[in-house]
Each structure stands twice: as structure tokens, then as C-alpha cells.
Amino acid sequence: MNFSAVDHGMMARALQLAERGLWTATPNPRVGCVLVRDGAIVGEGWHERAGEPHAEVHALRAAGERARGATAYVTLEPCSHHGRTPPCAEALIAAGVSRVVAAMADPNPLVAGSGLALLRAAGIETASGLLENDACELNVGFVARMTRGRPWLRLKAAASLDGRTALNNGVSQWITGAEARRDGHAWRARACAILTGIGTVRDDDPQLTVRAVETTRQPLRVVVDSQLETSLSAKILRGGPVLVAAAVDDEKKANLLRAAGAEVLVLPNAAGKVDLKGLLEDLARRGINEVHAEAGCKLNGSLLREGLVDELLLYLAPCLLGEDASGLFNLPALTSLDGRRQLQIRDLRRVGADIRLIAHLL
């Protein structure tokens, strides 16, 4: 399919609109829609929150009668099923649009091509694949949850240039500057859950809430705590929902944590530790699209060893801490470079005085 320059420009605008739901659309995908008639935009919209109208409905309301004969540019295939809201494909048909261009097909098995098929059956011209990679990137967590049954896991860490995250006495605040920390909070805000380990809770007593940027919701905080050692006075038990994932079924400890406001989930693996893959699958069933991990080298290493990390978000400060300081990942020693984990660097930039690196695991 050959797309015109106008097609590209309008879909780029739809993606800009979709990004406005970056922090609020979860667990639904981030979707934008632009309606164009006679070369002019007659309606725009984006999906803001689950249970509220989808992007197409907002755009159709804005366009009114001008939607008839228009082209709809939508970043995700219009839905064809009844969920919390009626099908958007039917709304586009009723409005009389003549053409629908989707950036990507919907990975949700409830849709998966049926939305575009419904439009074609009604005589509407359809096309898809325009700026598809950008649309997938915007909804990487939703795609992951729909296609493999677990969220996209982004592992965030801050380190010195020699890859050290804390002094050997445990001091780690603050290696990076204020700008990098604020940027890290923006990444927290877009996630559905923040994952950490008992070691971080015990050593740093973090809140792991979004504070440095404005947000209308707090992600679920998840603590991997095999032996239910989380202190009842820990800051993480305040400020929003908390899930403690354990490997032991200690009813007394669990009830104390529940009384403090936490949910306790017992998920042991064969080694007596928390089943991390099972935990992520459980989060997917709860509608969690993106998990933002901020943990110590032990949990970081476990997540990497089990192949559960999709993306690294690494902040490097212009300083050196030395070999006695703590490292980033607790990984087994290699005897050959053939065993090294390969990364694809997706973005590299300065944030304040620090360097931010984003890489995907290959």
C-alpha cells in the first residue's frame, strides 16, 4: 500500500494525540484518531481512560456531520466488540466515513482484524501499516500482554560510569542529578506497576511513588519478598496500592501485611523463591501492560537470567565509585564471550549532567 504525504502527516498527528493518554489509558491501549475531509482536519480525539469513550468517538463527536465522507486516521484498528464501550467500527460506519487508515492491527484476540473486516463489509475503504512501528512502540506493553501473556518489563537503574550503583556501605542517594531523577519519575508514571525487591525495601526504604511529575494515578507497587520480611513501617506500604509476592505461606506475617494495606500473593518456584515469570503472568491477568523495575543487583540479575527483561533504562552519572561498590546485575561469570547478553541501543542522550541509555534485550 502506497501512502501519500498527507496520509503520513495525519497519522503522525494521530500518534501525537495517542501519546496524551500515555499515563492514563491503561489497561487499554493508547490510541489517537484524526478525521480529515477535503484536506482539512474536521475532528480529533484520543483515548483518555478505560471505561470512557475511545479516540474514534471523541473525533466523531468533534466532527459531527462533517465526518460523512471523511478519512479516519487511527493509530490502532477500530474495535469490533462490546466491552465497556460500544464498538468503534460500528460508530465509524454509522457516521458515514469513506476510508479508514489504521497504523496497526489490534493484537487483542477479541479484535485481531475483525474491526477492519467489519468496515470493509460496510463498503468502507481500509488500509493499515502506516507508521506501524511508531504505533507498536507507543503500545509496547499492550502488545506484549496480548501476544505473550505477560507485560513489557523495563528495568531502570542509575549507576556511575564504571557501572556501580551504591557504595559498599549501602549509600546510593543520589548518584544521578535532579533532572535524571525527574525523568525517571516520568517513566514510572507511564508504567502500570513498579517492581522492586525486599533488599531495596530494607536498605533504602523507598516510596516508589510518582512524585517529581504530575500524575492522576499511582502505579501498583510490587515487592518480591520471598520470606515476607517487609517491615510494617516500610514507606512502600503507604501512598497507594501494594502487592507483596512471597514464596512462603506464612499466614501470620501475611495477615499483618494485609492489615497494613498490602495484598499478599504466594507464588513459590521449585527453588523456594518467588516465581518471577508466574508473577508477571499474574500481573498481565490484572491488566498490567508495562512493569517498571527499580531493584538491586540480585533481583535485576534474576530477571535477566530468566529472560524477563525487555528493555533497559540506564542513567549513567559522570563519576567513578570503584570496584568495591555494588554492581548493576548479579549474573554468573562467563567463560566465553559467546555467553554475553546482546543489546540493541534504541536511544542515547544527555539528561542534565547525566547520560540516559535505552536498550532492548536481543
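Definitions applied to this structure

Me: What makes Cys-79 count as buried?
Reply: Cys-79 has a relative accessibility of 7%, and buried means under 20%, so Cys-79 counts as buried. The value is computed from a predicted model.

Me: How do you know whether Cys-88 is buried or exposed?
Reply: The relative accessible area of Cys-88 is 1%. The limit for a buried residue is under 20%, so Cys-88 is buried.

Me: How many disulfides does a search of the whole structure find?
Reply: The search finds zero disulfides.

Me: What makes Arg-202 and Glu-229 a salt bridge?
Reply: Their closest N and O atoms are 3.7 Å apart. The rule asks for a side-chain nitrogen of Lys or Arg within 4 Å of a carboxyl oxygen of Asp or Glu, so the pair forms a salt bridge. Arg-202 belongs to helix 8 (residues 198-204), while Glu-229 sits in the loop between strand 9 (220-224) and strand 10 (242-246), so the pair ties together parts that are 27 residues apart in sequence.

Me: Why is Arg-202 called exposed, and why is Glu-229 called partly exposed?
Reply: Exposed means over 50% relative accessible area; Arg-202 has 53%, so Arg-202 is exposed. Glu-229, at 46%, falls between the 20% and 50% limits, so Glu-229 counts as partly exposed.

Me: How do you know that the side chains of Arg-258 and Glu-251 meet in a salt bridge?
Reply: The N to O distance is 3.6 Å, and the cut-off is within 4 Å, so the contact qualifies as a salt bridge. Arg-258 is partly exposed at 37%, and Glu-251 is partly exposed at 42%.

Me: What makes Arg-286 and Glu-263 a salt bridge?
Reply: The closest N and O atoms are 2.8 Å apart; the requirement is within 4 Å, so the two residues form a salt bridge. Arg-286 lies in the loop between helix 10 (276-285) and strand 12 (290-293), and Glu-263 lies in strand 11 (residues 263-266), so the pair ties together parts that are 23 residues apart in sequence. Arg-286 counts as partly exposed at 35% relative accessibility, as does Glu-263 at 36%.

Me: How many salt bridges does this rule give?
Reply: The count comes to 22 salt bridges. A network of salt bridges links Arg-30, Arg-154, Arg-190, Glu-290 and Glu-311.

Me: How do you know that strand 1 and strand 2 pair, and in which sense?
Reply: Two strands pair if there are at least two bridges between them. Strand 1 (residues 32-37) and strand 2 have six bridges, so they pair, in the antiparallel sense. Cys-33 stands opposite Gly-45 in strand 2.

Me: What makes strand 2 and strand 5 edge strands?
Reply: The open sheet has five strands in the order 2-1-3-4-5, with mixed pairing. Strand 2 (40-46) and strand 5 (125-128) each pair on one side only. The twist averages 15 degrees from one strand to the next.

Technical notes: Residues numbered from 1 in each chain as written. Predicted model: local features only at pLDDT ≥ 70, side-chain atom pairs only at ≥ 80, totals over all residues. Heavy atoms only, no water. Helix = DSSP H or I, 4+ residues; strand = E, 2+ residues; numbered from the N terminus. Buried < 20%, exposed > 50% of the residue type's maximum accessible area, 1.4 Å probe, protein only. Axes fitted to C-alpha atoms, helices over the stretch in contact; angles between N-to-C directions. Disulfide = S-S within 2.5 Å.
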